[in-house]
Amino acid sequence: MSATILSRSGAKQRRSHADATDVILTGDRPTGSLHLGHYAGSLRSRLALQGQCAQTLLIADLQALTDSTGRAADVARHVTEVALDYLAVGIDPALTTIAVQSRLSALAELTLLYLNLVTVARLERNPTVKAEVELRGFERDIPVGFLCYPVSQAADISGFRATLVPVGDDQLPMIEQTNEIVRRVNRLTGTPVLPECRALLSSTPRLPGVDGRKASKSLGNAIPLTATTDEFRRLVRAMYTDPGHVRASDPGCVEGNVVFAYLDAFDPDATTVTELKARYRGGGLGDVALKRRLEDVLEALVGPIRARRAELARDRSYVMDVLRAGNERANAITEGVLRDVRAAFSLDAPVKSR
Ligand code: TRP
(Lines give C-alpha, C1' and ligand atoms only; values in the text may rest on other atoms or scores of the structure.)
Protein backbone atom coordinates (compact mmCIF):
# COMPACT_ATOMS: atom_id res chain seq x y z
CA MET A 1 0.00 0.00 0.00
CA SER A 2 1.15 3.53 -0.58
CA ALA A 3 1.50 5.85 2.36
CA THR A 4 3.69 8.58 3.70
CA ILE A 5 5.93 7.66 6.55
CA LEU A 6 7.51 10.26 8.77
CA SER A 7 11.00 9.29 9.71
CA ARG A 8 12.57 10.04 13.06
CA SER A 9 13.81 13.42 11.91
CA GLY A 10 10.31 14.30 10.73
CA ALA A 11 11.35 14.33 7.07
CA LYS A 12 8.80 12.86 4.70
CA GLN A 13 9.74 9.80 2.73
CA ARG A 14 7.68 7.62 0.41
CA ARG A 15 7.51 3.94 1.12
CA SER A 16 5.48 1.33 -0.62
CA HIS A 17 4.76 -0.85 2.37
CA ALA A 18 5.45 -1.52 6.01
CA ASP A 19 8.28 -3.91 6.90
CA ALA A 20 7.26 -7.40 7.91
CA THR A 21 9.13 -6.77 11.17
CA ASP A 22 7.05 -3.70 12.01
CA VAL A 23 4.77 -3.85 15.02
CA ILE A 24 1.65 -1.82 14.37
CA LEU A 25 -0.55 -0.23 16.98
CA THR A 26 -3.36 2.19 16.44
CA GLY A 27 -6.44 3.17 18.33
CA ASP A 28 -9.83 4.84 18.36
CA ARG A 29 -11.76 6.58 21.09
CA PRO A 30 -15.10 4.80 21.50
CA THR A 31 -17.27 7.91 21.47
CA GLY A 32 -19.61 6.73 18.71
CA SER A 33 -19.85 4.51 15.70
CA LEU A 34 -17.16 4.94 13.10
CA HIS A 35 -17.84 6.99 9.97
CA LEU A 36 -16.68 7.09 6.35
CA GLY A 37 -13.82 9.42 7.32
CA HIS A 38 -12.44 6.65 9.55
CA TYR A 39 -12.82 4.22 6.68
CA ALA A 40 -10.89 6.37 4.20
CA GLY A 41 -8.35 7.59 6.73
CA SER A 42 -7.51 4.53 8.78
CA LEU A 43 -9.69 1.41 8.47
CA ARG A 44 -8.69 0.90 4.84
CA SER A 45 -4.98 1.01 5.61
CA ARG A 46 -5.45 -1.31 8.59
CA LEU A 47 -7.14 -3.79 6.27
CA ALA A 48 -4.25 -3.53 3.83
CA LEU A 49 -1.67 -4.06 6.58
CA GLN A 50 -3.52 -6.95 8.15
CA GLY A 51 -1.50 -10.14 7.83
CA GLN A 52 1.62 -8.26 6.70
CA CYS A 53 2.87 -7.57 10.21
CA ALA A 54 1.72 -7.84 13.82
CA GLN A 55 -1.16 -5.41 14.28
CA THR A 56 -3.19 -4.35 17.31
CA LEU A 57 -6.23 -2.09 17.36
CA LEU A 58 -6.77 -0.51 20.73
CA ILE A 59 -10.21 0.71 21.70
CA ALA A 60 -9.12 3.63 23.86
CA ASP A 61 -11.95 3.86 26.37
CA LEU A 62 -9.85 5.44 29.12
CA GLN A 63 -8.75 8.12 26.69
CA ALA A 64 -12.39 8.72 25.75
CA LEU A 65 -13.16 9.26 29.45
CA THR A 66 -10.61 12.10 29.65
CA ASP A 67 -13.15 14.35 27.98
CA SER A 68 -16.38 12.41 28.51
CA THR A 69 -16.57 12.58 32.28
CA GLY A 70 -19.99 11.40 33.41
CA ARG A 71 -20.61 9.52 30.17
CA ALA A 72 -18.90 6.29 31.19
CA ALA A 73 -21.91 4.12 30.35
CA ASP A 74 -22.00 5.59 26.83
CA VAL A 75 -18.29 4.97 26.36
CA ALA A 76 -18.67 1.37 27.59
CA ARG A 77 -21.50 0.77 25.14
CA HIS A 78 -19.48 2.19 22.27
CA VAL A 79 -16.58 -0.19 22.97
CA THR A 80 -18.73 -3.00 21.57
CA GLU A 81 -20.02 -0.82 18.72
CA VAL A 82 -16.50 0.06 17.57
CA ALA A 83 -15.48 -3.61 17.79
CA LEU A 84 -18.50 -4.49 15.62
CA ASP A 85 -17.47 -1.80 13.12
CA TYR A 86 -13.96 -3.30 12.92
CA LEU A 87 -15.27 -6.80 12.31
CA ALA A 88 -17.87 -5.59 9.81
CA VAL A 89 -15.30 -3.86 7.58
CA GLY A 90 -13.21 -7.02 7.53
CA ILE A 91 -10.75 -6.81 10.39
CA ASP A 92 -9.96 -10.46 11.07
CA PRO A 93 -9.32 -11.22 14.76
CA ALA A 94 -7.07 -14.11 13.73
CA LEU A 95 -4.72 -11.60 12.07
CA THR A 96 -5.33 -8.42 14.10
CA THR A 97 -5.57 -8.19 17.87
CA ILE A 98 -8.48 -6.06 19.06
CA ALA A 99 -8.04 -4.99 22.68
CA VAL A 100 -9.67 -2.61 25.16
CA GLN A 101 -7.38 -0.05 26.82
CA SER A 102 -9.02 -0.17 30.27
CA ARG A 103 -8.52 -3.93 30.49
CA LEU A 104 -4.74 -3.61 30.11
CA SER A 105 -3.57 -2.46 33.53
CA ALA A 106 0.11 -2.48 32.50
CA LEU A 107 -0.65 0.59 30.37
CA ALA A 108 -1.87 2.49 33.43
CA GLU A 109 1.31 1.67 35.31
CA LEU A 110 3.50 2.72 32.39
CA THR A 111 1.57 5.99 32.25
CA LEU A 112 2.34 6.62 35.91
CA LEU A 113 6.05 6.06 35.33
CA TYR A 114 6.11 8.29 32.24
CA LEU A 115 4.31 11.17 33.97
CA ASN A 116 7.59 12.00 35.70
CA LEU A 117 9.31 12.46 32.37
CA VAL A 118 7.05 15.16 30.91
CA THR A 119 6.49 18.74 32.00
CA VAL A 120 3.13 20.51 32.19
CA ALA A 121 4.53 23.17 29.83
CA ARG A 122 5.39 20.51 27.24
CA LEU A 123 1.86 19.08 27.40
CA GLU A 124 0.34 22.54 27.10
CA ARG A 125 2.43 23.11 23.98
CA ASN A 126 1.15 19.95 22.25
CA PRO A 127 -0.78 21.50 19.32
CA THR A 128 -3.49 18.83 19.28
CA VAL A 129 -4.12 19.17 23.01
CA LYS A 130 -4.10 22.96 22.61
CA ALA A 131 -6.74 22.84 19.86
CA GLU A 132 -8.90 20.42 21.83
CA VAL A 133 -8.69 22.51 24.99
CA GLU A 134 -9.95 25.45 22.97
CA LEU A 135 -12.68 23.46 21.25
CA ARG A 136 -13.96 22.12 24.56
CA GLY A 137 -13.78 25.52 26.24
CA PHE A 138 -11.73 24.23 29.20
CA GLU A 139 -9.74 27.49 29.47
CA ARG A 140 -7.77 27.16 32.74
CA ASP A 141 -9.97 24.35 34.08
CA ILE A 142 -8.28 21.56 32.20
CA PRO A 143 -8.81 18.14 33.76
CA VAL A 144 -5.37 16.72 34.60
CA GLY A 145 -6.29 13.42 32.95
CA PHE A 146 -7.11 15.26 29.74
CA LEU A 147 -3.89 17.25 29.71
CA CYS A 148 -1.96 14.02 30.25
CA TYR A 149 -3.64 11.84 27.65
CA PRO A 150 -0.65 12.12 25.29
CA VAL A 151 1.39 10.43 28.05
CA SER A 152 -1.15 7.63 28.28
CA GLN A 153 -1.07 7.35 24.50
CA ALA A 154 2.72 7.03 24.71
CA ALA A 155 2.10 4.12 27.08
CA ASP A 156 -0.35 2.58 24.59
CA ILE A 157 2.21 2.71 21.82
CA SER A 158 5.36 1.78 23.74
CA GLY A 159 3.49 -0.82 25.82
CA PHE A 160 3.28 -2.88 22.64
CA ARG A 161 6.77 -1.87 21.48
CA ALA A 162 5.01 -0.56 18.39
CA THR A 163 7.23 0.75 15.60
CA LEU A 164 4.55 1.93 13.17
CA VAL A 165 1.44 3.91 14.06
CA PRO A 166 -1.12 4.53 11.28
CA VAL A 167 -2.83 7.80 12.21
CA GLY A 168 -4.28 11.04 10.90
CA ASP A 169 -2.00 14.07 10.79
CA ASP A 170 -3.65 15.49 13.94
CA GLN A 171 -1.93 12.65 15.82
CA LEU A 172 1.62 13.53 14.74
CA PRO A 173 2.26 15.53 17.94
CA MET A 174 1.37 12.37 19.92
CA ILE A 175 3.96 10.35 18.02
CA GLU A 176 6.53 13.06 18.69
CA GLN A 177 5.76 13.06 22.42
CA THR A 178 5.89 9.28 22.49
CA ASN A 179 9.36 9.28 20.98
CA GLU A 180 10.54 11.94 23.43
CA ILE A 181 9.36 9.78 26.31
CA VAL A 182 10.87 6.63 24.82
CA ARG A 183 14.23 8.37 24.41
CA ARG A 184 14.11 9.64 28.00
CA VAL A 185 13.32 6.19 29.37
CA ASN A 186 16.18 4.65 27.42
CA ARG A 187 18.63 7.41 28.38
CA LEU A 188 17.68 7.59 32.06
CA THR A 189 17.82 3.85 32.55
CA GLY A 190 20.83 3.33 30.32
CA THR A 191 18.94 0.44 28.67
CA PRO A 192 17.45 0.45 25.15
CA VAL A 193 14.27 -0.98 26.61
CA LEU A 194 11.76 0.69 24.23
CA PRO A 195 11.81 1.30 20.45
CA GLU A 196 10.93 4.60 18.78
CA CYS A 197 7.99 4.62 16.39
CA ARG A 198 7.07 6.16 13.04
CA ALA A 199 3.74 7.53 11.91
CA LEU A 200 2.06 6.03 8.89
CA LEU A 201 -0.09 8.71 7.27
CA SER A 202 -2.93 7.73 4.96
CA SER A 203 -2.51 8.78 1.34
CA THR A 204 -6.16 9.94 1.28
CA PRO A 205 -6.63 13.56 2.38
CA ARG A 206 -8.91 14.11 5.36
CA LEU A 207 -12.52 13.63 4.30
CA PRO A 208 -14.71 16.69 4.99
CA GLY A 209 -18.17 16.55 6.57
CA VAL A 210 -21.18 16.85 4.24
CA ASP A 211 -21.28 20.62 4.92
CA GLY A 212 -17.62 21.03 4.00
CA ARG A 213 -16.53 21.60 7.59
CA LYS A 214 -14.35 19.16 9.56
CA ALA A 215 -16.31 15.92 9.92
CA SER A 216 -17.40 15.30 13.50
CA LYS A 217 -20.06 13.30 15.21
CA SER A 218 -21.18 16.25 17.31
CA LEU A 219 -21.76 18.40 14.21
CA GLY A 220 -23.86 15.59 12.67
CA ASN A 221 -22.02 16.10 9.38
CA ALA A 222 -20.23 12.74 9.19
CA ILE A 223 -21.68 9.74 7.35
CA PRO A 224 -21.83 6.74 9.72
CA LEU A 225 -20.44 3.51 8.32
CA THR A 226 -23.70 1.88 9.25
CA ALA A 227 -26.02 4.46 7.67
CA THR A 228 -29.12 3.03 6.01
CA THR A 229 -29.73 3.64 2.31
CA ASP A 230 -32.17 6.41 3.19
CA GLU A 231 -29.78 8.11 5.62
CA PHE A 232 -27.14 8.00 2.92
CA ARG A 233 -29.37 9.61 0.32
CA ARG A 234 -30.33 12.35 2.75
CA LEU A 235 -26.68 13.09 3.62
CA VAL A 236 -25.45 12.95 0.03
CA ARG A 237 -28.25 15.28 -1.09
CA ALA A 238 -27.27 17.71 1.66
CA MET A 239 -23.66 17.76 0.48
CA TYR A 240 -22.03 21.11 -0.14
CA THR A 241 -21.06 21.50 -3.80
CA ASP A 242 -20.55 24.87 -5.46
CA PRO A 243 -23.11 27.55 -4.59
CA GLY A 244 -22.34 29.28 -7.91
CA HIS A 245 -23.28 26.16 -9.86
CA VAL A 246 -27.00 26.76 -10.19
CA ARG A 247 -27.94 25.18 -13.54
CA ALA A 248 -26.39 21.99 -14.91
CA SER A 249 -25.00 24.04 -17.80
CA ASP A 250 -23.12 26.46 -15.49
CA PRO A 251 -19.39 25.86 -15.02
CA GLY A 252 -18.77 24.45 -11.53
CA CYS A 253 -15.91 24.36 -9.07
CA VAL A 254 -14.34 21.03 -8.13
CA GLU A 255 -12.06 22.31 -5.36
CA GLY A 256 -13.84 22.38 -2.02
CA ASN A 257 -16.70 20.40 -3.57
CA VAL A 258 -17.60 17.72 -1.05
CA VAL A 259 -19.08 15.32 -3.63
CA PHE A 260 -15.77 15.21 -5.50
CA ALA A 261 -13.85 14.77 -2.25
CA TYR A 262 -15.91 11.62 -1.57
CA LEU A 263 -15.64 10.39 -5.17
CA ASP A 264 -11.86 10.84 -4.97
CA ALA A 265 -11.80 8.80 -1.78
CA PHE A 266 -14.19 6.00 -2.75
CA ASP A 267 -14.91 5.76 -6.48
CA PRO A 268 -12.88 2.78 -7.77
CA ASP A 269 -12.97 4.27 -11.29
CA ALA A 270 -10.52 7.19 -11.08
CA THR A 271 -10.50 7.74 -14.86
CA THR A 272 -14.23 8.43 -14.93
CA VAL A 273 -13.90 10.76 -11.92
CA THR A 274 -11.28 12.76 -13.84
CA GLU A 275 -13.65 13.00 -16.81
CA LEU A 276 -16.52 14.05 -14.55
CA LYS A 277 -14.37 16.80 -13.08
CA ALA A 278 -13.60 18.15 -16.55
CA ARG A 279 -17.29 18.12 -17.50
CA TYR A 280 -18.26 19.77 -14.22
CA ARG A 281 -15.69 22.52 -14.67
CA GLY A 282 -16.73 23.16 -18.24
CA GLY A 283 -20.46 23.20 -17.50
CA GLY A 284 -22.84 20.43 -18.48
CA LEU A 285 -22.89 18.22 -15.44
CA GLY A 286 -25.59 18.79 -12.84
CA ASP A 287 -25.29 18.23 -9.09
CA VAL A 288 -28.17 15.76 -9.12
CA ALA A 289 -26.50 13.40 -11.59
CA LEU A 290 -23.18 13.75 -9.78
CA LYS A 291 -24.74 12.96 -6.43
CA ARG A 292 -26.55 9.97 -7.87
CA ARG A 293 -23.20 8.49 -8.89
CA LEU A 294 -21.83 9.02 -5.40
CA GLU A 295 -24.88 7.34 -3.87
CA ASP A 296 -24.21 4.26 -6.03
CA VAL A 297 -20.51 4.25 -5.18
CA LEU A 298 -21.19 4.53 -1.45
CA GLU A 299 -23.95 1.95 -1.50
CA ALA A 300 -21.62 -0.55 -3.23
CA LEU A 301 -19.03 0.05 -0.51
CA VAL A 302 -21.26 0.20 2.52
CA GLY A 303 -23.98 -2.31 1.55
CA PRO A 304 -21.88 -5.39 2.38
CA ILE A 305 -20.46 -3.75 5.54
CA ARG A 306 -23.95 -2.93 6.75
CA ALA A 307 -25.19 -6.47 6.10
CA ARG A 308 -22.24 -8.05 7.87
CA ARG A 309 -22.62 -5.74 10.83
CA ALA A 310 -26.29 -6.59 11.22
CA GLU A 311 -25.41 -10.27 11.21
CA LEU A 312 -22.61 -9.82 13.77
CA ALA A 313 -24.82 -7.70 16.01
CA ARG A 314 -27.33 -10.55 16.27
CA ASP A 315 -24.99 -12.61 18.43
CA ARG A 316 -23.15 -10.34 20.86
CA SER A 317 -21.36 -13.29 22.47
CA TYR A 318 -19.11 -13.53 19.39
CA VAL A 319 -17.82 -9.96 19.67
CA MET A 320 -17.38 -10.45 23.44
CA ASP A 321 -15.27 -13.56 22.77
CA VAL A 322 -13.17 -11.62 20.26
CA LEU A 323 -12.50 -8.89 22.84
CA ARG A 324 -11.75 -11.37 25.60
CA ALA A 325 -9.21 -13.21 23.44
CA GLY A 326 -7.71 -9.93 22.21
CA ASN A 327 -7.33 -8.59 25.75
CA GLU A 328 -5.63 -11.79 26.83
CA ARG A 329 -3.09 -11.58 24.01
CA ALA A 330 -2.54 -7.85 24.58
CA ASN A 331 -2.11 -8.37 28.33
CA ALA A 332 0.63 -10.94 27.71
CA ILE A 333 2.51 -8.41 25.55
CA THR A 334 2.05 -5.30 27.68
CA GLU A 335 2.76 -7.11 30.98
CA GLY A 336 6.04 -8.27 29.44
CA VAL A 337 7.00 -4.75 28.40
CA LEU A 338 6.06 -3.37 31.83
CA ARG A 339 8.24 -6.02 33.50
CA ASP A 340 11.21 -4.88 31.38
CA VAL A 341 10.58 -1.18 32.05
CA ARG A 342 10.21 -1.82 35.80
CA ALA A 343 13.49 -3.72 35.76
CA ALA A 344 15.19 -0.89 33.87
CA PHE A 345 13.99 1.53 36.59
CA SER A 346 15.13 -0.90 39.32
CA LEU A 347 11.57 -1.46 40.42
CA ASP A 348 11.85 -5.22 40.35
CA ALA A 349 14.15 -5.96 43.27
CA PRO A 350 12.45 -7.77 46.16
CA VAL A 351 11.72 -5.37 49.01
CA LYS A 352 13.08 -6.69 52.29
CA SER A 353 10.96 -6.45 55.40
CA ARG A 354 12.88 -5.83 58.60
N1 TRP B 1 -5.83 9.68 20.09
C2 TRP B 1 -6.36 8.78 19.10
C3 TRP B 1 -7.57 9.48 18.45
O4 TRP B 1 -8.17 10.35 19.05
C5 TRP B 1 -6.80 7.45 19.66
C6 TRP B 1 -5.68 6.65 20.26
C7 TRP B 1 -5.56 6.24 21.55
C8 TRP B 1 -4.53 6.16 19.58
N9 TRP B 1 -4.44 5.52 21.74
C10 TRP B 1 -3.79 5.44 20.57
C11 TRP B 1 -4.06 6.25 18.28
C12 TRP B 1 -2.56 4.83 20.23
C13 TRP B 1 -2.84 5.64 17.95
C14 TRP B 1 -2.11 4.93 18.94
O15 TRP B 1 -7.92 9.11 17.35
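This report walks through the ligand site, the cores and a few individual residues of a predicted model.

## Ground rules

Since the model is predicted, local features are taken at pLDDT of at least 70 and side-chain atom pairs at pLDDT 80 or more, while totals for chains, interfaces and linings use all residues. Residue numbers start from 1 along each chain as its sequence is written, and side-chain values use heavy atoms, leaving out hydrogens and water.

## Around the ligand

Let's start with the ligand. The residues around it (one heavy atom within 4 Å) are Leu-25, Thr-26, Gly-27, Arg-29, Ala-60, Gln-63, Gln-153, Asp-156, Ile-157, Val-165, Val-167 and Gln-171. Sorted by class, that shell holds 5 nonpolar, 5 polar and 2 charged residues. Here nonpolar covers Ala, Val, Leu, Ile, Met, Phe, Trp, Tyr, Cys and Pro, charged covers Asp, Glu, Lys and Arg, and polar takes the others, Gly among them.

Gln-153 puts a polar side-chain atom 2.9 Å from a ligand nitrogen, and Asp-156 has a polar side-chain atom 2.9 Å from a nitrogen of the ligand. For Gln-171, an N or O atom of the side chain is 3.0 Å from a ligand nitrogen. On its own the ligand exposes 370 Å², and the protein buries 89% of that (Shrake-Rupley areas with a 1.4 Å probe; for residues, only the protein chains shown count as cover). Strand E3 (23–28), H8 and E6 are the elements giving two or more residues to the shell; helices (H or I, at least four residues) and strands (E, at least two) are DSSP runs numbered from the N terminus.

How many residues of H8 are buried? The count is 10 of the 10, so H8 is largely enclosed by the rest of the structure. Buried means under 20% relative accessible area, exposed over 50%, and partly exposed in between (1.4 Å probe, protein chains only). Among the buried residues of H8 are Gln-153, Asp-156 and Ile-157, which also belong to the ligand shell.

The loop between helix H8 (149–158) and strand E6 (164–167) holds Thr-163, and Arg-161 lies in that loop too. Thr-163 is buried, at 17% relative accessible area, whereas Arg-161 is partly exposed at 27%. Not counting residues up to four places away in sequence, Thr-163 is in contact (heavy atoms within 4.5 Å) with Asp-22, Val-23, Pro-195, Glu-196, Cys-197 and Arg-198. Arg-161 has a positive phi, near 50°, without being a glycine. Most residues other than glycine have a negative phi.

## The cores

Now for the nonpolar packing. A nonpolar core is a set of buried Ala, Val, Leu, Ile, Met, Phe, Trp, Tyr and Cys residues joined through side-chain atoms within 4.5 Å. The largest has 49 residues, and Leu-36, Tyr-86, Ile-223, Met-239, Tyr-262 and Phe-266 have the most contacts inside it. Helix H3 (residues 72–89) gives the most to this core, with 8 residues. Apart from it lies another core of 28 residues, including Ala-106, Val-118, Leu-123 and Val-151.

Leaving aside neighbours within four places in sequence, Tyr-262 touches Leu-36, Leu-207, Pro-208, Gly-209, Ile-223, Met-239, Asp-267 and Leu-294.

H11 is mostly covered, with 7 of its 9 residues buried, among them Tyr-262 and Phe-266. Its buried residues pack against helix H1 (36–49), H12 and H13.

Asp-267 sits in the loop between helix H11 (258–266) and helix H12 (270–282). Is Asp-267 buried or exposed? Asp-267 counts as buried, at 8% relative accessibility. A polar atom of the Asp-267 side chain lies 2.9 Å from the backbone nitrogen of Asp-269. Leaving aside neighbours within four places, Asp-267 is in contact with Tyr-262, Val-273, Arg-293 and Val-297.

Arg-306 is part of helix H13 (residues 287–314). Beyond four places in sequence, Arg-306 touches Thr-226, Ala-227, Thr-228, Thr-229, Phe-232 and Glu-299. Ser-346, in the segment after helix H14 (316–344), is exposed at 58% and has a positive phi of about 55°.

How values were computed: Polar contact = N/O pair within 3.5 Å; in protein donor to acceptor, adjacent residues only side chain to side chain.
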